[in-house]
Amino acid sequence: MEATTPREDDSAGAHPAPVAVHEWSLKIRQAALVAAGRGWPVFPCVPGGKAPATTHGFKDASLDPDQIVRWWSSRPTCNLGIATGPASLVVVDVDPNGLRWLQEIESARGRFVARRVRTPRGGFHLYFAASEDTARIQCSTNRVADGVDVRGAGGYVVAEPSRREDGALYELVDSQDPGPLPTWLEELARLPGARRARTRTQRDQDARNASETTDRFHEGERNDRLTRIAGELRRQGHDEAAIRTALLQRNQACCDPPLDEVEVAGIAASVAKYPAGPHHEYVQTSHGIVRRKQTRDGVVEVALTNFSARIVGDVVRDDGAETSRCFEIEVRQGERVGTIAVPTARFAALEDWPIQALGPRAVVYAGQGSKDHARAAIQLLSPEPAQRRVFTHTGWRRVGDHWAYLHAGGAIGAQGVRVEVDLSGSLAHFHLPPPPEPAALRVAIRASLRILDVASDELTLPLLAAVYRAVLGGSDFSVHLAGPTGVFKSEIASLAQQHYGSRMDSRNLPLSWSSTANAIEGLTFGAKDVLLVVDDFCPGGSPVDVARTHQAADRVFRAQGNLSARQRMRADGTIRPAKPPRGLLLSTGEDVPRGQSLRARVLVLEVAPGAVDVRGLSACQRDAADGLYAEALSGFVATLADRYDDVRSGLSRDVERMRSELAWGGHARTPTNVASLALGWRAFLEFALASGAIDELEHEALSSRGREALSAAGAAQGKHLDCSEPSRRFRELLAAALASGDAHVAQPGGGAPKDAKAWGWRLGETGDSDIWRSSGRRIGWLEGDDLFLEPDASLAVAQDVGRRTGEALNIGGRVLWKRLHEKGLLVSVDAGSETLKARRTLDGHRRHVLHLRARDLHGPAESGQPGQLGVGGHQAGLAPEIGTRSPAMDPAGESVVMPRAPQQPPGLPGSANAERGFTGHEDSGPTAPCTERAAPLERQPGEEG
């Protein structure tokens with residue numbers, strides 16, 4: 001076959017005819033798109049040169065056509081680079097002084113089956129397709145032959161029609177598809193032993209070449225690149241002085257900005273400590289790893305393993321609280337090849353991970369020290385791997401000088417930011433599409449808004465507000481959808497969840513309450529700045545099972561509300577970083593978590609039978625499955641990226657400002673939780689308005705609907721809190737005990753009181769006469785409307801009934817008496833007592849009792865809220881100090897009597913809260929219905945359904 005030699009008109013000094021800048025720019029952009037269409041990731045290089053023009057060099061290479069167009073539209077004179085490793089290419093770079101080698105090889109073996117590009121200097125780039133076996137071939141210089149370099153994993157080439165500053169072009173001379181790399185050439189390119197010995201003159205030339213390259217090393221890669229250069233020079237036999245000189249030259253020529261010279265000298269000194277030349281003690285062969293052991297009889301080869309292995313990746317996994325390191329190791333046994341990620345703590349366990357990679361035939365041979373020698377051989381014979389940082393959580397993360405929002409598909413953020421994300425388990429479904437173009441974004445936003453048509457605003461609007469509030473970060477509350485089975489709770493929750501990934505429908509929600517508490521805690525930490533659904537809170541089974549489910553819910557919701565986590569220790573006794581929840585929790589279930597303190601951290605939204613429009617739900621499910629919701633959220637995230645510093649710093653201030661506008665009676669957390677949702681709703685509407693999805697009139701109407709819906713949600717929350725308020729729960733349990741015969745109340749003398757059946761007495765027969773007999777334990781005495789409870793007995797009975805009904809009264813006596821006092825339920829207390837008890841002579845004995853009104857037990861009065869009337873007539877939190885005397889005293893002067901005084905609760909007509917539409921009292925009535933609603937969100941002409 002005819003040898004390949006440069007033609008006279010193809011010499012380095014020949015230049016093509018000038019090409020107009022505009023025409024050449026279009027050609028190179030089209031070439032970049034064609035290369036990307038082949039699956040070859042591309043990136044721009046500096047005009048007229050080889051150095052990458054992106055922040056992270058060839059690591060920024062992309063297949064995204066939109067990214068490619070943006071690159072060459074903003075910098076049309078940039079050259080074209082191809083990242084060879086991700087493109088599954090091995091490119092043999094034949095310089096002019098290697099052409100004789102190329103001629104001899106092709107004369108002897110035939111012309112290479114390769115795509116061939118002539119370089120401006122007159123050499124050639126030969127493109128070969130990398131197979132699974134050759135994909136890990138590293139870049140090398142003069143390893144195959146003098147003037148013949150290899151570009152593979154971890155490298156790149158400048159592609160046609162790029163040009164030098166003098167106009168000389170890279171020209172395609174053979175457009176055939178790249179063929180496989182010949183086996184003999186692979187062996188020369190891969191094996192460390194294939195490196196030929198170099199004379200001192202050649203080593204000096206290598207050092208000069210190392211310092212004369214035009215590649216640019218940016219911040220974050222300078223140390224690593226210089227260290228790798230130093231290692232290569234040391235393996236070539238250079239001493240510390242020569243390495244330092246070469247590194248200082250490379251530092252000034254390539255590092256942007258240059259490192260301090262002291263730091264460069266430190267790199268040279270560190271690398272020079274290693275033995276010069278290649279490591280000859282260990283060898284990777286086709287049959288495994290061999291140790292060349294020096295003995296009195298000469299060198300003896302000792303087989304260490306029947307497989308070969310090398311480290312091809314150094315990965316730092318970052319979850320936002322701590323980092324862990326693992327090695328990516330390629331393990332080879334004959335034709336079988338496997339790659340496995342091995343945590344550094346397990347790297348020395350060679351009896352473990354090779355078997356996982358290859359199966360039971362991977363053997364580390366027996367012998368003293370064989371395992372240690374094999375480990376050392378793998379480390380010493382492996383090429384220096386590039387270090388990669390991999391993020392293992394979602395949400396916002398500062399990368400360099402920019403904020404990026406992480407998800408399973410990568411990151412959304414400022415242009416040029418490139419990160420690697422690896423999410424496992426359910427987090428892998430949190431996958432957002434690229435931010436859509438303006439027209440498509442408007443369609444997606446209106447689709448998201450149509451969720452409001454599925455049910456009433458009181459249900460759907462807080463849910464939609466939670467979707468966009470979660471992205472802002474710092475959510476210290478949860479949302480819980482409660483309702484009987486068959487009311488589409490999971491389906492509604494999935495509409496919210498699918499904003500973060502279209503695959504998370506009602507059958508593929510991230511979590512269930514059947515998961516362990518540890519699993520839920522782990523996922524709530526990894527799910528940062530997202531909405532996370534935990535489905536199907538339905539405690540069942542034995543009382544122990546029910547209690548266990550509620551206990552798990554208490555742990556999860558309380559951690560979310562407090563943004564706290566259990567502390568854990570490492571094996572060495574040091575404290576591990578805390579891993580609290582970092583997203584916003586959306587729960588669904590037939591039951592509601594117990595306890596007033598816990599419910600205060602959860603905004604409960606009730607789903608009643610028939611509340612959901614099934615046809616509207618089906619339409620929204622189609623939109624969600626088509627990815628419209630995820631596109632809307634992706635666009636929302638993109639608008640926050642450049643200003644997230646301001647959003648983050650002003651978050652607490654904005655919530656507090658809204659809270660002051662929404663303040664009404666109730667638990668102190670409720671206005672804050674509602675204000676936080678209102679902030680999410682406002683941010684979403686501002687985004688929709690700015691994108692053109694809604695106009696000013698729609699914005700105003702939707703803002704009004706938001707105020708009304710969130711007001712109603714806050715008012716309804718007060719009822720859930722009242723149901724679990726300790727003083728109310730205590731009275732309900734006592735009433736249940738009296739009704740069931742588990743306890744009774746007597747007259748002061750011990751006999752049956754009036755209306756005895758209501759107070760735990762039962763009619764029994766003795767002869768011809770009917771008499772009342774007491775049932776259960778005596779818990780107090782009744783005198784007119786005054787009820788005197790024996791403190792310990794009444795508390796014990798209430799706690800026992802609570803345990804049997806599945807909702808225990810988990811509160812101590814002193815705290816409970818204080819709650820009764822704060823709610824105005826204690827009619828009198830002893831003037832000299834700190835226990836809030838009154839002294840009375842009952843059943844012949846002087847006793848310390850709790851003095852209540854009988855009607856407050858059988859007809860529970862509404863608990864007073866801060867700033868509202870308590871049952872005792874005083875405002876909660878403003879009760880007289882214990883031991884003071886009021887104008888009304890009992891004849892013995894023993895107890896202080898708390899007088900009642902009428903007062904109008906907030907939320908009634910004429911109050912400031914009523915004008916805002918907020919209520920906080922159970923008797924204040926529902927918020928007035930909205931008479932002016934925004935017009936239905938119809939699709940605009942040209943929008944897709």
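The legends below describe close-up views of a predicted model. Local features are given at pLDDT of at least 70 and side-chain atom pairs only at pLDDT 80 or more, whereas totals for chains, interfaces and linings use all residues. Residues are numbered from 1 along each chain as its sequence is written, and side-chain values use heavy atoms, with hydrogens and water left out.

**View 1. Asn673 in helix α21.** Asn673 lies in helix α21 (residues 669–691), helices being DSSP runs of H or I with at least four residues and strands runs of E with at least two, numbered from the N terminus. Asn673 counts as buried because its relative accessibility is 3%, the cut-off for buried being under 20% relative accessible area (1.4 Å probe, protein chains only). Beyond its neighbours within four places in sequence, Asn673 is in contact (heavy atoms within 4.5 Å) with Phe477, Ala600 and Arg601.

**View 2. Aromatic pairs.** Rings of Phe, Tyr and Trp (its six-membered ring) pair if their centres lie within 6.5 Å, with planes under 30 degrees apart counted as stacked, over 60 as edge-to-face and the rest as tilted; the count by this rule is 18 aromatic pairs. Phe43 and Tyr156 are edge-to-face, because their ring centres are 5.3 Å apart and their planes stand at 80°. This pair joins strand β1 (residues 42–45), which holds Phe43, to strand β8 (residues 156–159), which holds Tyr156, 113 residues apart, and both residues are buried.

**View 3. An aromatic cluster.** Tyr468, Phe636, Trp681, Phe684 and Phe687 are linked into a cluster by ring pairs.

Terms used. Buried < 20%, exposed > 50% of the residue type's maximum accessible area, 1.4 Å probe, protein only.
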